[in-house]
Amino acid sequence: MREDLLHFIWKHKKLPQIGLKTTEGSSLSIVKMGEHNHEAGPDFFNSHIRIDEQLWVGNVEIHLKSSDWYAHNHEIDDAYNSVILHVVWEDDGAVFRSDNSKIPTLELKSFIGNNLLVAYKALFNNSGKKFINCEKGIKAVDDFIVQNWLERLFFERLEQKTEIIKELLQKSKNDWEYVLFIMLLKNFGLKMNGEPFFSLQSALHPSVVSKLKNNGFQLESVIYGLLGVLKEEECLDNYYVELRKEYQFLKNKFNLSEEGVMKPKFFKLRPPNFPTIRLSQFANLYSTHQNLFSKLIRNTSLEDLHIIFKVSASDYWDTHFTFGKESKKNKKRITTKFVNLIIINTILPFKFYYSKTLGKDNDEELLKIISKIAAEDNSIINNFKKLGASCSSSKESQAILQLYNKYCTKNKCLQCAIGTSLLKGNS
């Protein structure tokens with residue numbers, strides 16, 4: 001048994017309404033369960049408990065055993081002096097506050113029905129499990145509960161993606177344009193080159209970005225140069241030679257250093273995803289649009305966002321994937337699928353957090369955009385589909401990825417609306 005089951009029992013009132021007693025025999029009734037606290041401190045705040053004829057208002061702490069109070073050093077933590085009831089599965093000793101006053105204890109094992117324990121054990125029984133704990137019961141959960149939970153998870157995932165934006169804004173003194181530049185650069189690198197592209201932040205000061213971002217050729221030369229792509233002495237292509245020359249000039253002008261910048265990878269990448277192509281597309285995106293941040297915030301439809309990203313790599317790349325090696329002529333445009341990834345991983349988190357800083361709610365705008373983007377296709381999504389989960393757009397697939405990575409793989413079933421729904425019918 002785990003402590004999260006006891007939290008579930010208390011939070012969802014899976015206790016008898018009458019007949020409760022403390023371990024010392026005092027009558028106990030729960031007037032208000034309190035607010036579940038997920039941070040440091042007692043587990044439930046502002047609970048209302050009547051013991052005998054006295055109404056107590058304060059906090060509730062929950063443990064598997066009473067002795068856990070001392071194992072966690074609560075007796076010397078003033079935050080726990082407001083605890084009015086200690087709820088445990090097994091009472092193995094009295095507990096006291098820092099002033100030596102005794103805390104009433106409720107032992108749950110005397111009041112919990114067997115059905116709930118059987119259902120809990122079944123949920124966490126790994127025998128025969130192929131994918132997730134609730135795979136045998138998820139179909140029984142009401143679709144309204146599932147869809148509401150998935151929408152919450154979509155926004156939880158968005159919130160998670162804003163953490164890095166917050167950090168960069170703090171470092172750059174709220175330079176939104178610069179932070180967008182860095183985050184777009186990172187996500188143009190996808191999984192393989194995201195970190196190398198992101199490492200350019202150590203070499204590109206916001207003031208330098210501001211001066212270069214609208215000149216595609218200069219921007220290409222600098223990001224290629226800093227990433228070490230312009231070190232081939234034997235390449236004599238005019239475009240390559242001009243880029244090297246421009247980089248050396250700008251390197252001296254802005255005192256640029258390649259220290260701390262990671263080298264990009266080409267190995268195992270399809271040619272359209274080569275860093276040479278993605279970086280040129282990125283540079284041309286910025287040379288095409290002045291004040292890109294404002295444009296992306298202002299445009300509220302998926303169609304308008306796609307128009308902004310309708311750019312290609314420089315003409316040189318029509319016949320190249322790498323410097324000095326010609327290939328069949330083909331315009332290297334940013335594909336619809338790639339733009340959708342950028343919207344999901346960069347644009348929507350920016351829109352979400354920017355509105356939040358203004359005290360505004362743009363949830364409907366974000367839902368409208370994400371609902372028009374096709375769902376991702378990967379093994380996690382496909383496994384959920386096999387269990388009967390609906391996944392018609394990226395709204396659902398993003399939520400399912402959050403569900404799997406943050407709840408299913410961590411056995412946080414009792415913090416999940418699907419898991420709690422499966423247990424609520426048991427008492």
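In which helix is Gln402 found? In this predicted model, Gln402 lies in helix α17, which spans residues 394-406. Gln402 has a relative accessible area of 2% and is therefore classed as buried, the cut-off for that class being under 20%. Beyond the residues up to four places away in sequence, the contacts of Gln402 are with Leu153, Glu156, Arg157, Gln160 and Tyr407.

A helix pair was examined next. Helix α6 (residues 176-188) packs against helix α11 (residues 275-288) at an angle of about 155°, the two axes lying 10 Å apart. Because of this angle, α6 is roughly antiparallel to α11, angles over 145 degrees being counted in that class. The crossing formed by α6 and α11 is right-handed. On the α6 side the contact comprises Glu177, Leu180, Phe181, Leu184, Leu185 and Phe188, which meet Arg278, Leu279, Gln281, Phe282, Leu285 and Tyr286 of α11. By residue class, the contact of α6 with α11 is made up of nine nonpolar residues, one polar residue and two charged residues.

The remaining description concerns strand β5 and its partners. Strand β5, covering residues 83-90, is mostly covered, with seven of its eight residues buried. Strand β4 (residues 54-65) runs parallel to β5 and is joined to it by six bridges, and within this pairing His63 stands opposite Val88 of β5. Strand β6 (residues 105-107) also runs parallel to β5, to which it is connected by three bridges, and here Leu106 in β6 is the bridge partner of Val87. In a regular strand, side chains alternate between the two faces of the sheet.

Methods:
Residues numbered from 1 in each chain as written. Predicted model: local features only at pLDDT ≥ 70, side-chain atom pairs only at ≥ 80, totals over all residues. Heavy atoms only, no water. Helix = DSSP H or I, 4+ residues; strand = E, 2+ residues; numbered from the N terminus. Buried < 20%, exposed > 50% of the residue type's maximum accessible area, 1.4 Å probe, protein only. Contact = heavy atoms within 4.5 Å. Axes fitted to C-alpha atoms, helices over the stretch in contact; angles between N-to-C directions. Parallel < 35°, antiparallel > 145°, perpendicular 65-115°, else oblique. Left-handed = near helix turned anticlockwise from the far one by under 90°. Nonpolar A, V, L, I, M, F, W, Y, C, P; charged D, E, K, R; others polar. Pairing = 2+ DSSP bridges.
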